[in-house]
Amino acid sequence: MNKNLNMVYTYHNETKHSQQRYAKSLGYMDWNTQPNPFRAYSNTQKTLLPLSFENNTLEYSQIFSNSKDNAIQAPLCIESISQFFQFSLGLAAIKEFQEQSWALRCNASSGNLHPTEAYIIANDIQNIPNGLHHYAPQNHELELLSKADVNLELPQNSFLLALSSIVWREAWKYGERAWRYTQLDCGHALKALEVSASILGWKIEVVNAKDSQLQNLIGVDQISRYVPEERELTDMLILVSKDENINSTIDIKAIRSSLEDNYEGKANQLSHSWHPWDILEKIEDATLSEDIENKNYINDVYKQNSYREPSKSAKDIVMTRRSAQIMDKDDCTITKKEFETIIGSVKSDNAFVHLVTFVHSVEDMESGLYILLRNNTHKEELQSLLKDEFLWEKVDTEAGDLYKLKADDYKFITKAISCNQDIAAHGAFTIGMIAQFMEQLENHGANRYKELYWDCGAIGQQLYLEATSLNLSATGIGCFLDDILHGTIGLSTNHYQSLYHFTIGRGMIDTRLTTKKPYENR
């Protein structure tokens, strides 16, 4: 086993929560080192983006339709670029409690810490200078890091977008487990961008590239512009296009040569001091890759769902997505159709992540343990790995390959698995996302580890939106006892591992908080 794979297994095992110990963290909130949730670059040209609150959008279910009757296609202009960012990575609300206030965003984030940053390379978009920009959600503006010369060439009717991560933002609160949450947040952001693109009639595609190329393209390798303790690394490059058939042949070297040698702007310092976590830098290094053949990440695009019914406009769904803090245990029952609508929104036939589902209170469904297979070719393998006693009884539904494994009341065990959080037991159902682990790592290398988390984060963002469209609530759960879940279903090897948990029900509103519309000072 090579050293990078060995590091992945080491990190994954050492950052598991268990009944004996949680993964290492400070164990308290050091408010003196709390990082700024907003990246900013000093001395850069700003392009203030027009707000899109009044823009009309399709009804939510229509953006997933293949019907040409529902097709819209926005032009590439500053107004549509603005909407694209605002309804994906922009601010959704300002919450206030007494003297405190904080921003919520359209994309979900563990602890609302937002380690993900976005950069756009634009060419021939009216009122946006050609070149590389950082998207700054705090003021909803673009910061120009490098102008482009006349040699900049992008595929017609398209632009490039890069996502990067600052793991320190998560490590401040979560310690060594922070890298996991950082990758989940990248997946949340990816799905948020895809949905926002769909609202405009655009398509997105992840471009396979060497990590060193991406770092050089975005400029995060220009270390004099960054605080060393607040390391920022690129995650992925995305081609956003109006065209149905995207040509993802991107000459990164040529694009980089059209930009300036040294970029403008110095990154702001996020914290006054830092707590080092050596293992985080080690797992970051181990999951970097220069192997293009094995970097073949394909975003799983979720299509039309036959259970969806017309609901609110797409913009209202993405703007009102929230993470519930408390579920109403006295009003937790949902209909079977609502359940099927939610899980049907993430069905797939070629994925590597499956949904172990604990049904607590769904009409016309027996409480118990189920599994949604998102790649039926894995069924035989999973049957051999999970408990022999399981039924594998196919559920009659078009929402995907759903199997009942065992009828029982799992509220107690789901609470125990979820770090003793009531929210996991008080919803209508709870999900544990298990990924094909060892085979994916052995076949694709250590970088596949973070891609599996991206898959789980993308699933989570879609589940959030689907629940919101039904006036239900959802919460992603990153704190869970990994091997207790594995023991519950019978996993005893690294063939599959649990990477993300989720619960859906009816959230209770905290009446102590007030909600304000974002960007009111503009």
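## Close-up views of a predicted model

**View 1. Asn-112, with a relative accessible area of 27%, is partly exposed.** The structure shown here and in the other views is a predicted model. Asn-112 belongs to the loop that lies between β3 and β4 (116-122), and the residue takes a positive phi of about 55° although it is not a glycine. As background to this view, most residues other than glycine have a negative phi.

**View 2. Gln-98 also has a positive phi, of about 55°, although it is not a glycine.** This residue is found in the loop between β2 (91-97) and β3 (100-105). Gln-98 has a relative accessibility of 69% and therefore counts as exposed, the cut-off for that term being over 50%.

View 3. At the N-terminal end, α1 is capped by Asn-2, of which a side-chain oxygen lies 3.0 Å from the backbone nitrogen of Asn-4. Leu-5, Met-7, Val-8, Tyr-9, Tyr-11 and His-12 are buried in this helix, and what covers the buried residues of α1 includes the helices α4 (178-199), α7 (278-286), α12 (438-444), α13 (448-469) and α14 (482-489), together with the strand β16 (496-505).

**View 4. Helices α1 and α7 pack with their axes 9 Å apart, at an angle of about 140°.** That angle makes α1 oblique to α7, and the crossing in which α1 passes α7 is left-handed. On the α1 side the residues that meet α7 are Asn-4, Met-7, Val-8, Tyr-11 and Glu-14, and their counterparts in α7 are Ile-279, Leu-280, Lys-282, Ile-283 and Ala-286. Met-7, Val-8 and Tyr-11, which take part in this contact, are among the buried residues of α1. In an α-helix with 3.6 residues a turn, residues three or four places apart point the same way.

**View 5. Arg-21 lies in the loop between α1 and β1 (45-48).** With a relative accessible area of 40%, Arg-21 is partly exposed. When its neighbours within four places in sequence are left aside, Arg-21 is in contact with Asn-13, Glu-14 and Lys-16, and a polar atom of the Arg-21 side chain lies 3.5 Å from the backbone oxygen of Glu-14. Although Arg-21 and Leu-481 are separated by 460 residues in sequence, their C-alpha atoms are 9.6 Å apart in space.

**View 6. Helix α13 is largely enclosed by the rest of the structure, because 22 of its 22 residues are buried.** At 1.5 Å a residue these 22 residues should span 32 Å, which agrees with the 32 Å between the end C-alpha atoms of α13. Just after the helix, Asn-471 takes a positive phi of about 60°.

**View 7. Helices α4 and α13 pack at an angle of about 55°, and their axes are 6 Å apart.** That angle makes α4 oblique to α13, and the two helices form a right-handed crossing. The contact involves, from α4, residues including Trp-179, Arg-180, Gln-183, Leu-184, Cys-186, Gly-187 and His-188, and, from α13, residues including Tyr-449, Lys-450, Tyr-453, Trp-454, Cys-456, Gly-457 and Ala-458.

Note on methods: Residues are numbered from 1 along each chain as its sequence is written. This is a predicted model: local features need pLDDT of at least 70, side-chain atom pairs count only at pLDDT 80 or more; totals for chains, interfaces and linings use all residues. Side-chain values use heavy atoms; hydrogens and water are left out. Buried means under 20% relative accessible area, exposed over 50%, partly exposed in between (1.4 Å probe, protein chains only). Helices (H or I, at least four residues) and strands (E, at least two) are DSSP runs, numbered from the N terminus. Contact means heavy atoms within 4.5 Å. A polar contact is a pair of N or O atoms within 3.5 Å; within protein, one must be able to donate a hydrogen and the other to accept it, and residues adjacent in sequence count only if both atoms are side-chain atoms. Axes are lines fitted to C-alpha atoms, for helices over the stretch in contact, and angles run from 0 to 180 degrees between N-to-C directions. Angles under 35 degrees count as roughly parallel, over 145 as roughly antiparallel, 65 to 115 as roughly perpendicular and the rest as oblique. A crossing is left-handed if the near helix is turned anticlockwise from the far one by less than a right angle, and right-handed if clockwise. The expected span of a helix is 1.5 Å times one less than its number of residues.
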